[in-house]
Amino acid sequence: MGTPAAGEVSRYTMADVKGRNGRNGAPAWIVYKDSVYDVTKYLSEHPAGGDVILEEAGTDATKAFDESAHTPDAKQIMAKFKIGELVEEEKRYDANGKKKKRVVKAEPEGNRRSCMSIITCGLAG
Ligand code: HEM
């Protein structure tokens, strides 16, 4: 976290968001498609009540939001509460708003090297 330079967006991790669950005086943040929203002030205005949003506070609410009866108006309202975006490493959508495929982690360097030596030793021997 931190204050971004002019023209840059604030970046948050899911760990930052997790604590903002609207409980014990904490603000209520939600993530929708990699953007972070502080909806604390919107809770009392939500047509379906603040509780349904509070249940999602501190988490990625993309699925809950999309599965609820929302019109395009709701997205416009939500946009007003945007405070930043997830850090690149934690983003789940690509530039076209499509869900990214899960990245398969490469094997750690050490393992790769030992595999290589097994092969080379095998060949040499
Ligand atoms: C910033 C976040 C949100 C905004 C700005 C928002 C806004 C709205 C608005 C404006 C409506 C009225 C219908 C419409 O014009 O689309 C609505 C309805 C609704 N919202 Fe949200 N919403 C948010 C988050 C959520 C979340 C996270 C949930 C569920 C977990 C949720 C559940 C619902 C439901 C169930 C309705 C239907 C109410 C009904 O017509 O009976 N909303 N919301």
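Helices (H or I, at least four residues) and strands (E, at least two) are DSSP runs, numbered from the N terminus. With that rule, the protein reads β-α-β-β-α-α-α-β-α along the sequence. That comes to 5 helices and 4 strands.

Some ground rules. This is a predicted model, where local features need pLDDT of at least 70, side-chain atom pairs count only at pLDDT 80 or more, and totals for chains, interfaces and linings use all residues. Residues are numbered from 1 along each chain as its sequence is written, and side-chain values use heavy atoms, with hydrogens and water left out.

Now the sheet. Two strands pair if DSSP finds at least two bridges between them. The 4 strands form an open sheet, in the order S1-S4-S3-S2, with mixed pairing. S1 (11–12) and S2 are the edge strands, and each pairs on one side only. S2, residues 29–32, runs antiparallel to S3 over 4 bridges. Trp 29 has Asp 38 in S3 as its bridge partner. The S2 and S3 hairpin has 2 residues between the strands, and Lys 33 takes a positive phi near 45° there. On to S4, residues 82–86: S3 and S4 pair antiparallel over 3 bridges. There, Val 36 is bridged to Gly 84.

Next, the metal. Which residues coordinate the iron atom of the ligand? His 46 and His 70, each through NE2, at 2.0 Å. Donors here are N, O and S atoms within 2.8 Å of the metal (3.2 Å for Na, K and Ca); water is not among the atoms, so sites may look incomplete. The site has 6 donor atoms, with angles of 86 to 179°, and is octahedral. For reference, ideal octahedral angles are 90 or 180 degrees.

Where do the two histidines sit in the chain? His 46 is in the loop between S3 (35–38) and helix H2 (50–54). His 70 is in the loop between H3 (62–67) and H4 (72–79). They are 24 residues apart, so the pair links distant parts of the chain.

Are they buried or exposed? Buried means under 20% relative accessible area, exposed over 50%, partly exposed in between (1.4 Å probe, protein chains only). His 46, at 13%, is buried. His 70, at 32%, is partly exposed. Across the protein, buried residues make up 27% of the 125.

Thr 62 is buried, at 4%. Its side chain reaches the backbone nitrogen of Lys 33 at 3.0 Å. Contact means heavy atoms within 4.5 Å. Leaving aside neighbours within four places in sequence, Thr 62 is in contact with Val 31, Tyr 32, Lys 33 and Tyr 93.

Finally, the cores. A nonpolar core is a set of buried Ala, Val, Leu, Ile, Met, Phe, Trp, Tyr and Cys residues joined through side-chain atoms within 4.5 Å. The largest has 14 residues, and Ile 30, Tyr 37, Val 39, Ile 53 and Met 78 touch the most other members. S2 and H4 each supply at least two residues of this core. Apart from it lies another core, of 6 residues, including Tyr 12, Trp 29, Val 31 and Leu 86.

Definitions and conventions: Four donors count as tetrahedral if all angles lie between 85 and 135 degrees; four count as square planar and six as octahedral if opposite donors are over 155 degrees apart and all others between 65 and 115; anything else is irregular. A polar contact is a pair of N or O atoms within 3.5 Å; within protein, one must be able to donate a hydrogen and the other to accept it, and residues adjacent in sequence count only if both atoms are side-chain atoms.
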